[in-house]
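I opened this model to learn my way around it. These are my notebook entries, in the order I made them.

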Amino acid sequence: DIPSDISFDSGRYDVKSNMRPILDRFATTLNQNPVTTVSIVGHTDNQGNDSINNPLSVNRAGAVRDYLVGRSVAMNRISIDGRGSHQPIADNGTPQGRAMNRRVEIFVAEQAR
């Protein structure tokens with residue numbers, strides 16, 4: 001998982017510079033294990049409504065996918081989804097909690113043979 005201190009800015013989905021070294025290492029691992037597939041799920045905090053947050057969460061997952069593809073991971077190995085603000089892991093009542101909720105979760109699976 002990506003550490004909770006590495007978050008997205010409010011309302012944004014660009015991959016921040018402190019997330020890049022982690023994703024670079026992850027891409028290297030994926031390229032060494034070509035039978036794995038990846039599911040990336042984006043999340044938002046509770047600021048704004050579903051019509052903003054649902055696409056934002058998908059865009060966050062997409063930005064991470066695009067970053068990995070830029071590091072030679074095949075796009076057909078990566079699926080994306082977004083859950084908007086519906087699965088918080090922290091208190092949306094604090095700035096720190098909202099930052100933790102602005103996240104992506106990455107799941108790796110072995111491909112069925």
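**Entry 1: the model.** I noted at the start that this is a predicted model.

**Entry 2: the core.** I looked up the largest nonpolar core and found 18 residues in it. Which of them touch the most other members? My list reads Val15, Leu23, Val38, Ile40, Val64, Leu68 and Ile106. I then checked which elements build this core. At least two residues each come from helix 1 (20–32), strand 1 (36–42), helix 2 (50–69) and strand 3 (104–110). Helix 2 gives the most, with five residues.

**Entry 3: strand 1.** I turned to strand 1 next. Is it enclosed or open? Five of its seven residues are buried, so strand 1 is largely enclosed by the rest of the structure. I followed its partners. With strand 3, strand 1 pairs in the antiparallel sense, over seven bridges. There I found Ile40 opposite Ile106 of strand 3. Both residues were already on my list of core members with the most contacts to other members. With strand 2 (residues 78–82), strand 1 runs parallel, and five bridges join the two. On that side Gly42 stands opposite Gly82 in strand 2.

**Entry 4: Val58.** I stayed with helix 2 and picked Val58, which has its place there. How accessible is Val58? Its relative accessibility is 34%, so I put Val58 down as partly exposed. Beyond neighbours within four places in sequence, Val58 is in contact with Ile80, Asp81 and Gly82.

**Entry 5: Arg83.** I moved on to Arg83, in the loop between strand 2 and helix 3. At 31% relative accessibility, Arg83 counts as partly exposed. What does Arg83 touch, residues up to four places away in sequence not counted? I wrote down Val41, Gly42, His43, Asn54 and Ser57. Asp50 is 33 residues from Arg83 along the chain, and 9.5 Å separates their C-alpha atoms.

**Entry 6: Asn101.** I found Asn101 in helix 3 (residues 95–101). Is Asn101 buried or exposed? Asn101 has 0% relative accessibility, and buried means under 20%, so Asn101 counts as buried. I looked for a polar partner. The side chains of Asn101 and Asn92 make a polar contact at 3.0 Å. Residues up to four places away in sequence aside, Asn101 touches His43, Thr44, Asp45, Pro88, Ile89, Ala90, Asp91 and Asn92. His43 is also on the contact list of Arg83.

**Entry 7: rings and a charge.** How many aromatic pairs does the structure hold? I counted zero. I did find Arg71 over the face of Tyr67, at 4.1 Å from the ring centre.

**Entry 8: Ser72.** I ended at Ser72, in the loop between helix 2 and strand 2. Its phi is near 75°, a positive value in a residue other than glycine. Ser72 has a relative accessibility of 60%, so I marked Ser72 as exposed.

How values were computed:
Residues numbered from 1 in each chain as written. Predicted model: local features only at pLDDT ≥ 70, side-chain atom pairs only at ≥ 80, totals over all residues. Heavy atoms only, no water. Phe/Tyr/Trp six-rings, centres within 6.5 Å; stacked < 30°, edge-to-face > 60°. Lys NZ or Arg CZ within 6 Å of the ring centre and 35° of its normal. Core = buried A, V, L, I, M, F, W, Y, C linked by side-chain atoms within 4.5 Å. Buried < 20%, exposed > 50% of the residue type's maximum accessible area, 1.4 Å probe, protein only. Helix = DSSP H or I, 4+ residues; strand = E, 2+ residues; numbered from the N terminus. Polar contact = N/O pair within 3.5 Å; in protein donor to acceptor, adjacent residues only side chain to side chain. Contact = heavy atoms within 4.5 Å. Pairing = 2+ DSSP bridges.
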